[in-house]
Amino acid sequence: MPDTGSLRGDLEALMDGMVSLLTTPPTADIAVAALGAVTHSAELAEHAGTFFAGRLARERPVFERAVARGELAADADPMLLMDLPAGAAWLRVVFRQLPVEPDFARRTVAAILDGAASHADG
């Protein structure tokens with residue numbers, strides 16, 4: 001797991017890894033095939049659930065460090081904070097089949113951590 005010294009940097013690094021997984025052969029084809037297979041097999045869905053639970057457990061220190069640094073509320077939901085960038089990556093790459101710009105992870109993490117609303121005063 002990344003340890004860049006900030007939650008923003010860690011999430012960007014994790015997201016860059018997801019994008020690489022989904023855009024680099026042969027892992028891209030394997031990941032997409034596995035997702036499709038999981039939807040048709042209870043046994044594979046159970047294995048996927050176990051895999052993602054283990055992955056979240058390995059990612060948990062990213063969020064614990066962010067709480068300790070004061071970057072993240074103690075009651076923040078780590079699973080949601082991982083699902084949002086993962087969902088953005090899967091939608092962009094797999095379902096929409098659009099190119100991923102070099103700053104995609106940075107922009108996505110910024111939208112998650114900073115929101116998308118205008119912060120202009122008044």
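**Helix packing and nonpolar core in a predicted model**

**Figure 1. Packing of helix α1 against helix α4.** Helix α1 (residues 7–23) packs on helix α4 (residues 78–95) at an angle of about 30°, and their axes lie 10 Å apart. That angle makes α1 roughly parallel to α4, a label for angles under 35 degrees, whereas over 145 counts as roughly antiparallel, 65 to 115 as roughly perpendicular and the rest as oblique. Axes are lines fitted to C-alpha atoms, for helices over the stretch in contact, and angles run from 0 to 180 degrees between N-to-C directions. Helices are DSSP runs (H or I, at least four residues) and strands likewise (E, at least two), numbered from the N terminus. The model is predicted: local features need pLDDT of at least 70, side-chain atom pairs count only at pLDDT 80 or more, and totals for chains, interfaces and linings use all residues. Residues are numbered from 1 along each chain as its sequence is written, and side-chain values use heavy atoms, with hydrogens and water left out.

**Figure 2. Residues at the α1–α4 contact.** On the α1 side, Leu-11, Leu-14, Met-15, Met-18, Val-19, Leu-22 and Thr-23 meet residues of α4 that include Leu-81, Met-82, Pro-85, Trp-90 and Val-94; contact means heavy atoms within 4.5 Å. The residues of this contact comprise 15 nonpolar, one polar and no charged. Ala, Val, Leu, Ile, Met, Phe, Trp, Tyr, Cys and Pro count as nonpolar, Asp, Glu, Lys and Arg as charged, and the others, Gly among them, as polar.

**Figure 3. Crossing of helix α2 and helix α4.** The axes of α2 (residues 27–38) and α4 come within 12 Å and cross at roughly 105°, which makes α2 roughly perpendicular to α4. Here Ala-31, Val-32 and Leu-35 of α2 meet Trp-90, Val-94 and Phe-95 of α4. This contact divides into six nonpolar residues, no polar and no charged.

**Figure 4. Surroundings of Leu-22.** Apart from neighbours within four places in sequence, Leu-22 is in contact with Ala-28, Ala-31, Ala-89, Trp-90, Val-93 and Val-94.

**Figure 5. The largest nonpolar core.** A nonpolar core is a set of buried Ala, Val, Leu, Ile, Met, Phe, Trp, Tyr and Cys residues joined through side-chain atoms within 4.5 Å; buried means under 20% relative accessible area, exposed over 50%, and partly exposed in between (1.4 Å probe, protein chains only). Of the 22 residues in the largest core, Leu-7, Leu-11, Met-15, Leu-22, Phe-63, Leu-72 and Met-82 touch the most other members. Two or more residues come from each of α1, α3 (42–68), α4 and α5 (104–114), and α1 gives the most, with seven.
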